[in-house]
Amino acid sequence: MENTPELDGIADFDELEALFGQDDSDLAKMESVMLTQNLEGFASCFPDWDLHPPKHG
């Protein structure tokens, strides 16, 4: 049976995921932190702008 490059790539990814994979909750936490940092960094480029969403009520 021949090894196809596509299947080898999938196997390599599975191996990497096994070595470096994280729990979904950890990934969600890291993603949230990165998004917050990116947004704060973006907002700091426009100090005069009010980038907060309007409050209803």
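A residue counts as partly exposed when its relative accessible area lies between the buried limit of under 20% and the exposed limit of over 50%. The views below come from a predicted model.

**View 1. Leucine 16 in helix 1.**
Helix 1 spans residues 5–20 and contains leucine 16. The relative accessible area of leucine 16 is 47%, so this residue is partly exposed.

**View 2**

**View 3. The tilted pair of phenylalanine 42 and phenylalanine 46.**
Two aromatic pairs are present in the structure. In the pair of phenylalanine 42 and phenylalanine 46, the ring centres are 5.1 Å apart and the planes stand at 55°, so the pair is tilted. Phenylalanine 42 has a relative accessible area of 44% and is therefore partly exposed. Phenylalanine 46 also counts as partly exposed, because its relative accessibility is 26%.

**View 4. The stacked pair of phenylalanine 46 and tryptophan 49.**
Phenylalanine 46 also pairs with tryptophan 49: the ring centres are 4.2 Å apart and the planes are at 20°, so this pair is stacked. Planes under 30 degrees apart count as stacked. Tryptophan 49 has a relative accessible area of 52%, so it is exposed.

**View 5. The aromatic cluster.**
Phe42, Phe46 and Trp49 together make up one aromatic cluster. Within it, Phe46 is paired with Phe42 and with Trp49.

Methods
Residues are numbered from 1 along each chain as its sequence is written. This is a predicted model: local features need pLDDT of at least 70, side-chain atom pairs count only at pLDDT 80 or more; totals for chains, interfaces and linings use all residues. Side-chain values use heavy atoms; hydrogens and water are left out. Rings of Phe, Tyr and Trp (its six-membered ring) pair if their centres lie within 6.5 Å; planes under 30 degrees apart count as stacked, over 60 as edge-to-face and the rest as tilted. Buried means under 20% relative accessible area, exposed over 50%, partly exposed in between (1.4 Å probe, protein chains only). Helices (H or I, at least four residues) and strands (E, at least two) are DSSP runs, numbered from the N terminus.
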